[in-house]
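Here is a short briefing on charged side chains that pair up. Look at the structure first, then read on.

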Amino acid sequence: MVKIMLDPGHDINTPGKRAPDGSMREFEFNRATALHVADILSQYNGVEVFLSHDLNDGIDTSLDARAALANRLQVNCLISIHANAGAASARGIETYIYLNTPTSTNNLARMIHDQTISITGMVNRGVKRADFAILRETNMDALLIECGFMTNNQDLALLKSDEYRRRCAQGIVNGLAQFYGLTRKAAPAPVPAVTRTPSVVYEAHIENIGWQGPKRNGETAGTTGKSLRLEALTVRLENTDAQLVMEGHVENKGWTTVRTNGEVFGTIGEGLRLEAIRINSDQLTILYRVHVQNIGWTDWKKNGEVAGTTGQALRIEAVEIKLG
């Protein structure tokens, strides 16, 4: 049995821990994300989840009390979840471990950090070391993850989004599963005579807009006629065991590393255009086309073909994806 303690940082009434415009208190993000982590972990075998304090009593539980509880319960690891603050230009995710930690702590932090960066597509600020009390006073592998900056308008919009909170939670769980070798519980037997129709769901991150909201089965994701670049994209399949692999050609960077079902490809917060894409599936025919600056809609491409342009400094503005 792997015992995991989730520590939603601060409390709802902690002074100063909120966005500069007052639109979100840090604890709102911390609590929601921790609960998403707990919910996802309930789908795995051999995991027991604890919370470091009561999430509804409004009391700002001390760091000493949180650490003492984790030590008393002899949990295997503690994950402290936070939203960051800093300069208005600062963006991204960073993860902290104590100054002197065993190799296991560093490995766990690296896995959780890398998985969270992969699934969110956020700026990677790295794994760092700090003399934080929650890390210093605990006797187990412990890390603190800062999931974005409340002091940056783009990060703040993400931090207030339940979709982003779920992505952060999934990244944390993916790292835990990788480190501990966790396996999912067996799915319940499917109900007979129910046919699942595969579908494709995708979401575009647009210049000055951010994540636009999910689109499905041929709907337009992005904009046309507004001169706004498409910066990043995430694509996933529903109601099928088929898998996706995807790449994006990014301004000044070239082709990204291969991403899989639901992961983000492209860039966020770097002011770089997505110029071309290619998508493939091991079992299904994937059709896709893009709207290119000064060109308009391209012809439909399928399974690994390039849609868009490279070497012409032209942005993708919109995309449509469907199953053949």
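**Salt bridges in this predicted model**

The side chains of glutamate 203 and arginine 167 form a salt bridge, at 3.3 Å from N to O. A salt bridge here is a side-chain nitrogen of Lys or Arg within 4 Å of a carboxyl oxygen of Asp or Glu. By this rule, there are 21 salt bridges. This is a predicted model: local features need pLDDT of at least 70, side-chain atom pairs count only at pLDDT 80 or more, and totals for chains, interfaces and linings use all residues. Residues are numbered from 1 along each chain as its sequence is written, and side-chain values use heavy atoms, with hydrogens and water left out.

**Pairs that link distant parts**

- Glutamate 203 sits in strand E7 (residues 199-206) and arginine 167 in helix H6 (residues 162-180), 36 residues apart. Helices (H or I, at least four residues) and strands (E, at least two) are DSSP runs, numbered from the N terminus.
- Both glutamate 203 and arginine 167 are buried (under 20% relative accessible area; exposed is over 50%, partly exposed in between; 1.4 Å probe, protein chains only).
- Arginine 273 and glutamate 251 also meet in a salt bridge, 3.3 Å from N to O.
- Arginine 273 lies in the loop between strands E15 (264-266) and E16 (274-281), and glutamate 251 in the loop between strands E12 (244-250) and E13 (254-255), so the pair ties together parts 22 residues apart in sequence.
- Arginine 273 counts as buried because its relative accessibility is 17%. Glutamate 251 is buried at 15%.

**Another pair and a network**

- Arginine 315 and glutamate 317 join their side chains in a salt bridge of 2.9 Å, N to O.
- Arginine 315 is buried at 15% relative accessible area, and glutamate 317 is buried at 6%.
- A network of salt bridges links Asp7, Asp60 and Arg66.
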